[in-house]
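Please consult the sequence and structure shown below while reading.

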Amino acid sequence: MSVTCVAGLGVSGTAVARVLAERGEHVVVVEAVEGERQLAAAAELAAAGVETRFGAMEVPAGATRLVTTGWAPHHPLIAAALEAGVEVVGEVELAWRLRPAQAAPWLALTGTNGKTTAVRMLTSILQAAGHKALAVGNVGVPVVRAVAEPYDALAVELSSFQLHWSSTLAPHAAAILNVAPDHLDWHGSMEEYAAAKGRIFERAAHVIYNADDPEATRLAAPYPGAVGFTLRVPRRGELGVVEDLLVDRAFVADPVEAAEELATLEDIRPFAPHNVANALAAAALARSLGVPSEAVRQGLRDFVPDPHRLAHVDRVGEVDYIDDSKATNPHAAAAALASYPSIVWVAGGQLKGADVDDLVRQAAPRLRGAVLLGADRARIAEAIARHAPNVPVVDIADRDTGVMERVVTEAARLASPGDTVLLSPAGASLDMFANYPARGEAFARAVRDLRLRRERER
C-alpha cells in the first residue's frame with residue numbers, strides 16, 4: 001500500500017493528515033519536535049489511524065507523495081523526497097486536487113503585504129451579496145478542510161511558500177496586491193520569490209493586478225485581458241478612484257463608455273492609501289464573480305479590520321497612538337508611514353536582511369522623531385542618520401518585558417500635539433516577543449498606562 005508522508009504537525013499538516021486518513025489513505029506524519037502540543041496532536045491522529053514519527057527527518061518507505069505545509073525545498077526532508085523521486089505538493093495544491101464535483105470557485109489573492117486584510121474584505125463583500133463564503137489558506141483556516149463543504153465561494157489567501165508547491169491550481173480569479181523583497185532566505189533570490197507569486201496567474205480565468213505596483217504589473221503582462229486596479233482615475237479595463245469614489249471600468253457591460261460606482265473612500269476602514277488598494281483588489285475579485293456594486297459597498301462597510309493593522313489605540317495629549325505591529329517588513333512599514341503626515345516612529349526588530357534605506361528616504365519628510373528597539377535597530381538608526389539627520393532618535397537597548405513602557409514614554413516625549421506615534425516596526429518580532437500580536441499588545445498596554453499616568457498628574 002502506498003504511503004503519503006505529511007511534513008509536520010502544524011495546523012495545516014494535522015488537517016491534511018486527518019482528511020487523507022478519512023479518505024482511507026495510509027498516512028505517516030514526520031515531525032522534528034516532540035513537544036506537548038505535538039504529542040497531543042499525534043495522539044488525536046493515532047485514533048484516526050495516522051502514524052507519527054518523531055525525530056529523524058526521513059521519508060517513510062513506500063512513500064509516493066509528500067505533502068508540505070510551506071517547508072523550503074532545501075529542508076532535509078523535502079530535499080530527500082525530491083532526491084528519491086517522491087512527488088512533493090503543498091496543502092493548497094492537495095486541496096485543489098481533492099475538490100469534489102461542482103466545488104465552490106476559488107478567488108485567490110497574494111502579495112507581500114495586505115493579503116489578510118484584502119481577503120477578509122473580499123469575504124465580507126461576498127457575504128453581503130448573499131454568498132456562503134469563507135476566508136481560507138494563509139489566513140488561518142486550512143483549505144483542505146474547506147473544499148468539501150458546500151460554500152458558494154472561497155476567498156483564498158496564498159503565501160509565496162504555498163504557491164511554490166502548487167502546480168495545477170486554477171482559480172476563477174487571481175490577484176496580486178504587491179511584490180517587494182521578503183522571505184529571500186526561503187526562496188534564495190528576489191527573482192524566485194517573484195516567480196512564486198506569479199504562479200497564481202498561470203491558470204486563472206481572471207487575472208487581476210495592482211497597476212501601481214511595477215512587479216505586479218510585470219507579472220500580469222503576459223496575460224491578455226488582465227484587469228488592473230489603481231489609486232488613479234481608472235482607464236478602460238481597470239478599477240480605480242475618481243475623486244472620493246471607487247469606480248469599476250472593467251466588470252461592466254461597456255468598459256469604453258461606462259463606469260460603475262462601487263463605494264466611497266469613507267466606506268474603507270481604517271482609511272489609508274494601501275487599504276484603498278486592498279479594497280479595490282477585493283472588489284475586483286468579487287466583481288469577477290458577478291457581485292453587484294451595492295454588495296461591494298455594504299461589504300466594505302461591514303468589514304472589521306484584524307488587530308495590529310493600523311489599529312488606533314488611543315489619543316493622549318492630542319497625540320494619536322497607532323498599533324501597526326503586523327508591519328514585519330519595510331514594504332509594510334512604508335505603507336503605514338505614508339498614511340500620516342507627522343510621525344514619531346517606533347521601529348526595530350529582525351529585518352531578515354532587508355534594506356531600509358529607501359523606506360527611511362521616502363518617510364524622512366514625515367518623521368518628527370524615532371524610538372528604536374530590537375536586534376536590528378542600529379541599521380535603522382544608520383539609515384535615519386543618512387537620510388533624516390535632523391530627526392531625533394532614541395535608542396532603547398533594553399530587552400526585558402517592560403521595554404514598551406519606556407518606548408512609549410520616550411515617544412510621548414518626542415511627540416507634539418497633532419503628531420502620530422506609529423508602531424510600524426519594519427521587522428519581525430521574535431527577537432523580543434512571542435509574535436507580532438504580543439508586540440502590539442505590549443504597545444497598547446503601555447499607551448493605556450501612559451493615559452493613566454497623565455490623568456493622575458492632573
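Thr 117 is part of helix 5. The coordinates come from a predicted model.

**Annotated binding site**

- An unreviewed UniProt entry carries the annotation "binding site" for Gly 111, Thr 112, Asn 113, Gly 114, Lys 115, Thr 116 and Thr 117.
- Helix 5 spans residues 115–128 and contains Thr 116; Thr 117 lies in helix 5 as well.

**Thr 116**

- Thr 116 counts as buried because its relative accessibility is 12%, and the cut-off for buried is under 20%.
- With residues up to four places away in sequence left out, Thr 116 touches Val 139, Glu 157, Asp 306 and Arg 309.

**Thr 117**

- Thr 117 has a relative accessible area of 11% and is therefore buried.
- Apart from neighbours within four places in sequence, the contacts of Thr 117 are Asn 275, Asn 278, Phe 303 and Arg 309.

**Second largest pocket**

- The second largest pocket holds about 210 Å³ of space.
- Its lining is made up of 17 residues, of which Ser 12, Thr 69, Gly 137, Asn 138 and Gln 162 are the closest to the pocket centre.
- By residue class, the lining of the second largest pocket comprises six nonpolar, 10 polar and one charged.
- At least two lining residues come from each of helix 1 (11–22), helix 4 (91–97) and helix 7 (160–164).
- Why does the second largest pocket lie between domain 1 (3–94) and domain 2 (99–302)? The reason is that both domain 1 and domain 2 give residues to its lining.

**Annotated domains**

- The unreviewed UniProt entry assigns "domain: Mur ligase central" to residues 110–286.
- Across residues 308–427, the chain is 32% helix and 24% strand, and 14 Å separates the end C-alpha atoms.

Note on methods. Residues numbered from 1 in each chain as written. Predicted model: local features only at pLDDT ≥ 70, side-chain atom pairs only at ≥ 80, totals over all residues. Heavy atoms only, no water. UniProt positions renumbered as here; feature names shortened; annotations may be inferred. Helix = DSSP H or I, 4+ residues; strand = E, 2+ residues; numbered from the N terminus. Buried < 20%, exposed > 50% of the residue type's maximum accessible area, 1.4 Å probe, protein only. Contact = heavy atoms within 4.5 Å. 1 Å grid on protein atoms, 1.4 Å probe; cavity = no way out; pocket = protein on both sides within 12 Å on 5 of 7 lines; lining within 4 Å. Points joined across faces, edges and corners; volume = space filled by probe spheres on them. Nonpolar A, V, L, I, M, F, W, Y, C, P; charged D, E, K, R; others polar. Domains from an automatic or database assignment.
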